[in-house]
Amino acid sequence: SNSPVTLLGLGAMGKALATAFLTGGHPTTVWNRTPGKAEPLVALGATDAAGAAEAVAANELVVVCLLDYASVRDVLGPVAGALRGRTLVNLTNGTPAQAREMAEWVAAQGAAYLDGGIMAIPPGIGTEHAFLLYSGDQGAFDTHRPVLERLGRAHFLGRDAGLAPLFDIALLSGMSGMIAGALHALALVGTENVAATEFAPMLQGWITAMTIGIPLYAEQIDSGDYAHGVVSNVGMQAAAYVNLIRAAEDQGISPELIAPLKPLMDRRVAAGHAHEDLSGLVELLRK
Ligand code: NDP
């Protein structure tokens, strides 16, 4: 099924999305605020629309991938009338609340809405390494699934448009903690002239191995029993964490990337949870 598609936004990600549609054989109409970015795509067979309204009018399926939701409103606001009867798939990064607000606005224009999260970097688009999260209009997802699958595996999470960004942001949040820890570790060994590239394989193996704890944390969080299966209790971890902060300072490294965990551990210990697992920290995050 080589159904046609419109793509608004030809940044690093938009270009990769357009390329995947085109190599998948889908007639693709593209538009970008700054002209000139469509040239390599036109060479692959894309149609370069003269304006956003023309691009939206060209096809029933309209995919948008811009910097943020404010830029989506900048682009779609003036051409809202052209959306009637179309399906808008918004692959722009945003929050669940922004997605729900966008879903309402798009419905008011008489169009179907799918929100999406891209779990890949541009070179991964269209490969087996890419997956994308979708939520919103299930009928629209079912109809357009073949073309969406060109970008990467497509996961539909539910009718609440906020679900895709919720999962997306949760995955990015988990990644950000991993990156923060890794950068701190690389800086720390660097204080003794250890090349980051020399230490990196050991660090990568360690972090990869430590992800084995995630399913146990999840069980503890679901059950509320943070003592279940514990092997590294918070009391022990809080004592060791003092050394993580102290070693950073002794070596002349700011501990700010790792520091936020410490007061939370201390609070759990002070509240009598020293024998429990680290997963109990989520109790302190709930407002
Ligand atoms: P880029 O910075 O490369 O491109 C940004 C795009 O947004 C450009 O097309 C730019 O147009 C457009 N834009 C920005 N502001 C406006 C505006 N006010 N009006 C109209 N167009 C605007 O970003 P990416 O392509 O990398 O990212 C796009 C989205 O994809 C983001 O939401 C990002 O979070 C998400 N994403 C990106 C990943 C990545 O690794 N790159 C991974 C996963 C998701 P112009 O050319 O005119 O400046």
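Start with the whole chain: taken over C-alpha atoms, the centres of domain 1 and domain 2 are separated by 39 Å. To see the two parts, colour residues 5-159 as domain 1 and 191-285 as domain 2. Keep in mind that this is a predicted model.

Next, select the ligand and its surroundings. The shell around the ligand holds 22 residues, and those that come nearest are Gly11, Arg33, Thr34, Ser71 and Asn93. Show helices α1 (12-23) and α4 (69-76) as well, the elements that give two or more residues to this shell. Colouring the shell by residue type gives ten nonpolar, eight polar and four charged residues.

Now select strand β5, residues 87-90. Which way do its side chains point? Thr87 and Val89 point one way, Leu88 and Asn90 point the other way, and all are buried.

To find one of the paired positions, pick Val63, whose bridge partner in β5 is Val89. Then bring back helix α4: β4, α4 and β5 make up a right-handed β-α-β unit.

Move on to strand β6, residues 112-119, which also pairs with β5 in the parallel sense, over four bridges. Here Asn90 has Asp115 in β6 as its bridge partner. Finally, select helix α5, residues 96-108, and follow the chain from β5 through α5 to β6; this β-α-β crossover is right-handed.

Technical notes
Residues numbered from 1 in each chain as written. Predicted model: local features only at pLDDT ≥ 70, side-chain atom pairs only at ≥ 80, totals over all residues. Domains from an automatic or database assignment. Near = placed C-beta within 6 Å. Nonpolar A, V, L, I, M, F, W, Y, C, P; charged D, E, K, R; others polar. Buried ≥ 20, exposed ≤ 12 C-beta atoms within 10 Å, placed from the backbone. Pairing = 2+ DSSP bridges. Right-handed = clockwise from strand over helix to strand, strands pointing away.
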